[in-house]
Amino acid sequence: MAKKPLILVSNDDGIDSPGIYALAIELRKIGDVIIAAPHTQQSAVGHSITVSDPIRAVEIFKDKKFFGFAVQGTPADSVKLAISTLLGKKRKPDLCVSGINQGSNTAVNLIYSGTVSAATEATILGIPSMAVSLDTFTYKDFQPSAKFAAKAAKIILKNGLPKGTLVNVNVPALKEKDIKGVMVTRQGKSVWNEKYEPRLDPSKNIYYWLKGKLILSDKTLDIDHKALMEGYISVTPIQYDLTDYKMLNELETWGFKK
């Protein structure tokens with residue numbers, strides 16, 4: 001009998017989030033699942049890692065069964081610790097899936113996203129990876145997202161991914177029958193119009209609360225955020241190589257070497 005694939009699951013919403021629970025249930029239908037996720041909410045921490053504080057990992061049980069490791073660190077910490085230490089040296093994951101995030105991760109949000117960063121960390125460590133997000137902060141039906149994540153996981157396990165590439169999936173907050181289909185997309189260029197709103201605490205001391213609105217500049221269905229808005233699942237291949245290759249030759253003419 002063929003060995004089941006080992007799937008590492010993480011997120012940035014924390015190990016108690018309903019999204020990671022729904023994801024784990026579906027992925028267990030296709031492989032052995034191990035969970036290593038932050039013990040608390042870690043949204044928008046990006047790819048930060050802990051370098052000057054100790055990291056603890058606590059075993060979590062649900063229904064008297066081992067569920068996973070709650071890591072007192074960031075999403076990237078969770079994945080790095082799991083692959084390097086918690087899983088032991090005998091077997092590395094065949095796939096890492098991060099999610100299901102509450103809220104989309106498209107356009108510029110990819111830079112801030114702890115969900116995407118967990119998957120990116122696994123990619124850096126040589127594990128094929130995928131991030132999965134649901135386009136809502138209130139709708140709690142993760143089943144369509146989880147089912148598609150399992151389908152996508154099987155496809156990635158079969159085909160593999162190029163070195164340095166991961167897949168970013170965003171699912172509209174719709175019933176499964178109302179999702180129009182799947183679009184393979186590019187990362188959008190839409191950015192946030194933001195400001196910090198000054199407020200007063202009970203002691204009359206000022207503090208600031210970040211508020212903003214995504215300004216949609218992407219208009220075609222081959223862009224992640226636009227496809228999502230139109231009711232499609234968005235599947236985007238992304239990389240952690242940030243080099244602007246088109247600019248390399250141009251910079252050579254700017255006189256830096258003189």
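Let's start with Ile 223. Ile 223 sits in the loop between strand 10 (206-215) and helix 6 (224-229). Helices here are DSSP runs of H or I with at least four residues, strands are E runs of at least two, and both are numbered from the N terminus. Is Ile 223 buried or exposed? Ile 223 is buried, at a relative accessible area of 4%. Buried means under 20% relative accessible area, exposed means over 50%, and partly exposed is in between, with a 1.4 Å probe and protein chains only.

A word on the source. This is a predicted model, where local features need pLDDT of at least 70 and side-chain atom pairs count only at pLDDT 80 or more, while totals for chains, interfaces and linings use all residues. Residues are numbered from 1 along each chain as its sequence is written, and side-chain values use heavy atoms, with hydrogens and water left out.

Back to Ile 223. Leaving aside neighbours within four places in sequence, Ile 223 is in contact with Thr 185, Arg 186, Gly 188 and Asp 218. Contact means heavy atoms within 4.5 Å. Now take Leu 166. Ile 223 and Leu 166 are 57 residues apart in sequence, and their C-alpha atoms are 17 Å apart in space.

Next, Phe 61. You'll find Phe 61 in strand 3 (residues 57-62). Its relative accessibility is 48%, so Phe 61 counts as partly exposed. Not counting residues up to four places away in sequence, Phe 61 touches Phe 66 and Phe 67.

On to helix 1, residues 18-27. Seven of its ten residues are buried, so helix 1 is largely enclosed by the rest of the structure. Which ones are buried in helix 1? They are Gly 19, Ile 20, Ala 22, Leu 23, Ala 24, Glu 26 and Leu 27. These buried residues pack against strand 1 (6-10), strand 2 (32-38), strand 4 (65-71), strand 5 (95-102) and helix 5 (143-159).

Look at helix 5 there. Helix 1 and helix 5 pack at about 45°, with their axes 9 Å apart. Axes are lines fitted to C-alpha atoms, for helices over the stretch in contact, and angles run from 0 to 180 degrees between N-to-C directions. Angles under 35 degrees count as roughly parallel, over 145 as roughly antiparallel, 65 to 115 as roughly perpendicular, and the rest as oblique. On the helix 1 side, Ala 22, Leu 23, Glu 26 and Leu 27 make the contact, and they meet Gln 143, Ala 146, Lys 147, Ala 149, Ala 150 and Ala 153 in helix 5.

Now a second pair. Helix 2 (residues 75-86) and helix 4 (residues 114-124) pack at about 25°, with axes 7 Å apart. That makes helix 2 roughly parallel to helix 4. From helix 2, Pro 75, Ala 76, Val 79, Lys 80 and Ile 83 meet Gly 114, Ala 118, Glu 121 and Ala 122 in helix 4.

Last, the core. A nonpolar core is a set of buried Ala, Val, Leu, Ile, Met, Phe, Trp, Tyr and Cys residues joined through side-chain atoms within 4.5 Å. The largest one has 34 residues. Which members touch the most others? Ile 7, Val 9, Leu 27, Ile 35, Val 97, Met 130 and Val 169 do. Helix 5 gives this core its largest share, seven residues. Apart from it lies another core, of 15 residues, including Phe 69 and Ala 118.
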